[in-house]
Amino acid sequence: MPLKGRKPRSGDLIEIDRGFYKHWCVYVGDDYIVHLTGPGVGSVASINGQAVVKKQLLKRVVRNCNYWVNNKHDKTLNVYPVPRIIAQANKRDGEKRTYQVLAENCEHFANEMRYNTAISDQGNRAMDVGIGAEIAVIGFNILALFFGQR
């Protein structure tokens with residue numbers, strides 16, 4: 001699991017490079033993250049369906065992918081205090097949520113925990129592409145199933 005850049009600190013957002021897409025999570029300390037993922041072990045959230053918030057070891061989620069700290073909206077959005085980010089993320093462990101790849105995905109979740117604003121740059125870019133986004137979504141799900149987002 002190659003870390004690019006500085007070691008994560010509690011409250012940081014972690015971006016994991018899965019190749020075709022980026023998976024996002026919140027680092028809550030002691031090598032744990034909280035993220036939005038599929039409801040079963042080895043499963044992924046469907047294009048439009050249900051997902052679950054999980055607290056897991058960072059290395060279990062990252063596996064052999066590159067990852068880095070990416071608090072990219074810190075200069076433009078208000079950042080919650082770290083204790084609040086951690087408490088809010090931990091409180092949601094086990095919570096079932098609606099999942100829509102372009103409107104309610106893991107990046108939306110992570111940004112909501114840190115900034116109280118559910119936004120996704122990759123979702124917005126895909127929506128800007130139009131019909132290409134539909135093809136991208138299909139490809140995303142095929143890749144996610146292949147790599148088994150946990």
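Biologist: Why is histidine 73 called buried?
Modeller: Its relative accessible area is 10%. The cut-off for buried is under 20%. So 10% passes, and histidine 73 counts as buried. Note that this is a predicted model.

Biologist: Where does histidine 73 lie, and what is it in contact with?
Modeller: The residue belongs to the loop between strand 5 (67–69) and helix 2. Leaving aside neighbours within four places in sequence, its contacts are Asn111, Tyr115, Ile119 and Asp121. Each has heavy atoms within 4.5 Å of histidine 73.

Biologist: Threonine 76 is in the loop between strand 5 and helix 2. What makes it buried or exposed?
Modeller: Its relative accessibility is 65%. Exposed requires over 50%. Threonine 76 is therefore exposed.

Biologist: How far apart in space are threonine 76 and tyrosine 115?
Modeller: The C-alpha to C-alpha distance is 9.8 Å. In sequence they are 39 residues apart.

Biologist: Why is glycine 49 called partly exposed?
Modeller: Its relative accessibility is 27%. Buried ends under 20%, and exposed starts over 50%. The value 27% falls in between, so glycine 49 is partly exposed.

Biologist: Where is glycine 49 found, and which residues is it in contact with?
Modeller: Glycine 49 sits in strand 4. Beyond its neighbours within four places in sequence, Arg97, Thr98 and Tyr99 are in contact with it. The C-alpha atoms of glycine 49 and valine 101 are separated by 9.1 Å, at 52 residues apart along the chain.

Biologist: What makes strand 1 and strand 2 a pair?
Modeller: Pairing takes at least two bridges. Strand 1 (residues 13–17) and strand 2 have 5, so they pair. They run antiparallel. Isoleucine 16 stands opposite histidine 23 in strand 2. The hairpin has 4 residues between the strands, and glycine 19 there takes a positive phi near 90 degrees.

Biologist: How many bridges join strand 2 to strand 3?
Modeller: There are 4, against a requirement of at least two, so these strands pair as well. They too run antiparallel. Cysteine 25 stands opposite histidine 35 in strand 3. This hairpin has 2 residues between the strands.

Biologist: Which exposure class does aspartate 30 fall in, and which one aspartate 31?
Modeller: Aspartate 30 is at 71%, which is over 50%, so it counts as exposed. Aspartate 31 has a relative accessible area of 44%. That value is between 20% and 50%, so aspartate 31 is partly exposed.

Biologist: Which residues of the largest nonpolar core touch the most other members?
Modeller: Leu13, Val26, Val28, Val34, Leu36, Ala89 and Phe109, out of 19 residues. Strand 2 (22–29), strand 3 (32–37), strand 4 (48–57), helix 2 (82–91) and helix 3 (106–115) each supply at least two residues. Helix 3 gives the most, with 5 residues. Apart from this core lies another of 11 residues, including Ile16, Ile33, Cys65 and Tyr67.

Biologist: What is valine 26 in contact with?
Modeller: Setting aside neighbours within four places in sequence, its contacts include Leu13, Val34, Ile85, Ala89 and Met113.

Biologist: How do you know that the charged end of lysine 55 sits over the ring of tyrosine 32?
Modeller: It is 5.5 Å from the ring centre. The distance cut-off is within 6 Å, so 5.5 Å passes.

Biologist: How many aromatic pairs are there?
Modeller: The count is 0.

Biologist: Which elements have the lowest and the highest mean pLDDT?
Modeller: Helix 4 (residues 121–129) has the lowest, 56, and helix 2 the highest, 98. For the chain, the mean is 84, and 74% of residues reach 70 or more.

Definitions and conventions: Residues numbered from 1 in each chain as written. Predicted model: local features only at pLDDT ≥ 70, side-chain atom pairs only at ≥ 80, totals over all residues. Heavy atoms only, no water. Core = buried A, V, L, I, M, F, W, Y, C linked by side-chain atoms within 4.5 Å. Buried < 20%, exposed > 50% of the residue type's maximum accessible area, 1.4 Å probe, protein only. pLDDT = per-residue confidence, 0-100. Phe/Tyr/Trp six-rings, centres within 6.5 Å; stacked < 30°, edge-to-face > 60°. Lys NZ or Arg CZ within 6 Å of the ring centre and 35° of its normal.
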